[in-house]
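Please look over the model shown here. The report that follows describes some of its local features in turn.

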Amino acid sequence: MEVRSKLLNSVEKCVDEALEGLVRSTGGLALLRGHRVVLRSDLESIKGKVALLSGGGSGHEPAHAGYIGMGMLSGAVAGAVFASPPPGSVLAAILTLWKGGASGVLLIVKNYTGDRLNFGIAVEQARSQGVQVDMVIVADDCAFAQPSKAGRRGLCGTVFIHKLAGALAEKGCPLNEIVAWVNKATKKIGTLGVSLSPCSVPGCLPSFQLPPGEMELGLGIHGEPGIKRSKVASADEVVKSIISHMTDSTNKSHLSLKSGDKVIMCVNNLGALSCLEIAVVSKAAVHCLEERGVLVVRVMSGSFMTSLEMAGMSLSLMKVDEEMLRLFDAKTTAPAWPNLSTASLIGRNLFMEPAEKPAAASDKYHEGSLSSVIRLVLESVCKILLQRREELNALDRAAGDGDCGSTHALLANAIQEWLQTSRIPGNLGQLLADLGLLVQERMGGSSGALYCLFLSAAAPHLKQNSDGAAWAKALHAGTEAMKRYGGAEPGDRTMLDALCPAVEELMKLSTTPPDGHIAILQAAVEIWSLLAVMLCVTGGLRV
């Protein structure tokens with residue numbers, strides 16, 4: 001094992017620089033000089049109201065300073081990474097808020113011994129100076145069936161308490177009422193996490209070892225041991241295990257949950273999972289709860305209380321009634337609080353129907369005088385593409401990824417299937433449009449996109465007329481679309497190097513009498529064939 005690299009300037013100064021970074025990039029916050037304390041810069045706004053203070057070790061960002069703002073915390077005290085802040089800084093924050101005009105100060109503390117002790121010291125010292133101050137402990141961990149003497153750990157459910165208490169304080173509720181409210185709410189919260197990797201304090205080795213392919217259930221946010229290690233399972237299986245353990249009545253730390261209960265759910269990224277993974281876990285968690293008859297009324301999904309770069313997540317549930325939901329939905333300016341919709345999530349239709357596709361050509365158009373000839377041409381082209389599949393792949397390997405023949409074979413098969421079930425529309429514009437849709441749906445790759453662009457842009461010019469001038473406009477529109485959206489120009493060693501000179505020759509159709517069209521078509525074919533062969537011989541044609 002070795003110390004992990006981190007994008008920092010200094011191990012010793014990383015907390016101070018992180019706090020300064022937050023304050024510099026967020027209006028409405030200020031640092032308390034001489035302390036690792038962030039406060040609202042508009043303390044006059046809390047005059048006559050209860051101020052809320054939280055904090056703890058750093059490394060859990062955006063907790064807790066990210067939750068400072070109107071409707072949430074008034075301040076946060078930060079310790080070193082994974083270390084409780086000193087009592088002196090907590091006391092300095094309390095006194096600043098009190099002297100700023102707060103009617104009282106409530107400390108919201110996660111249940112860790114260091115935090116309880118240091119925040120507790122500050123509470124006692126503040127009381128000795130006449131400050132109306134109180135402290136609530138959040139202990140929402142559902143991991144241990146038999147919690148230790150220290151009790152359940154404080155985890156991401158603490159963020160729920162920040163929000164509820166902040167809404168009550170903003171309403172002007174007195175300190176004792178907020179304390180009573182919060183103490184009741186903490187009993188309705190449960191959290192359980194899982195990790196796929198350890199984390200490491202800057203400058204130190206990882207906090208624990210977890211073999212590749214294994215995960216740990218129920219660990220703490222500082223890497224404290226969990227309750228079970230097992231092979232990494234699917235998101236659905238992991239979520240089912242988490243919720244089953246959280247709600248198991250034989251577990252003394254469980255959250256009692258029954259069908260019909262309303263909950264707010266928080267899917268918390270512990271640091272290193274991708275947004276994609278968190279979204280998959282969120283879907284799995286909502287589905288699992290709904291199968292149990294639990295009504296999920298709000299979902300928070302993202303990073304709310306991290307463990308540095310730990311790859312893992314925690315799931316927090318809070319049972320709510322209508323009053324708690326109103327407090328949760330109350331406005332806040334805290335920068336890390338998500339902009340959640342207050343619309344009900346219960347009983348929604350998740351899908352809407354797409355716009356109806358245009359009717360098939362066979363339903364709108366009759367075959368024309370050229371339909372039988374076009375059918376023979378398409379059948380011949382498809383046959384040649386399928387026969388030359390490996391030859392085209394070999395040519396493509398000289399300059400590409402070697403799949404040109406396989407990609408064109410997909411299109412050839414699609415057209416053959418289409419020919420068996422469809423009429424060839426006499427309207428040539430519709431024919432190109434239909435072929436464009438086939439390319440889009442069945443061919444794939446860059447070639448498919450380019451051919452689709454060409455056909456789609458060319459088709460409208462042949463809907464009303466199909467004489468030489470119309471074909472000239474259609475082919476010009478097709479190549480221009482390929483250049484506009486594909487970004488290539490003639491000379492970039494793409495199919496345009498052969499196509500554009502051929503189309504330029506075909507543009508003569510717009511000014512040449514009908515008896516000269518065959519000569520122009522023959523010349524265009526020769527130009528295309530010659531340039532395509534030259535491109536392949538001199539290094540390959542890139543698509």
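This is a predicted model: local features need pLDDT of at least 70, side-chain atom pairs count only at pLDDT 80 or more; totals for chains, interfaces and linings use all residues.

Pro514 sits in the loop between helix 16 (496-506) and helix 17 (517-537), where helices are DSSP runs of H or I with at least four residues and strands are runs of E with at least two, numbered from the N terminus.

Residues are numbered from 1 along each chain as its sequence is written, and side-chain values use heavy atoms, with hydrogens and water left out. The mean pLDDT (the predictor's confidence in each residue, from 0 to 100) is 92, and 95% of the residues reach 70 or more. Over residues 539-543 the pLDDT is below 50, although this stretch has 21 contacts beyond near neighbours in sequence, a contact being heavy atoms within 4.5 Å.

Two residues are classed by relative accessible area (buried under 20%, exposed over 50%, partly exposed in between, with a 1.4 Å probe and protein chains only).

| Residue | Relative accessible area | Class |
|---|---|---|
| Pro514 | 68% | exposed |
| Val373 | 46% | partly exposed |

Val373 belongs to helix 10 (residues 371-387).

In helix 1, the buried residues are Cys14, Val15, Leu19 and Val23, and their cover includes strand 1 (29-31), strand 2 (37-40), strand 3 (50-58) and strand 4 (75-81).
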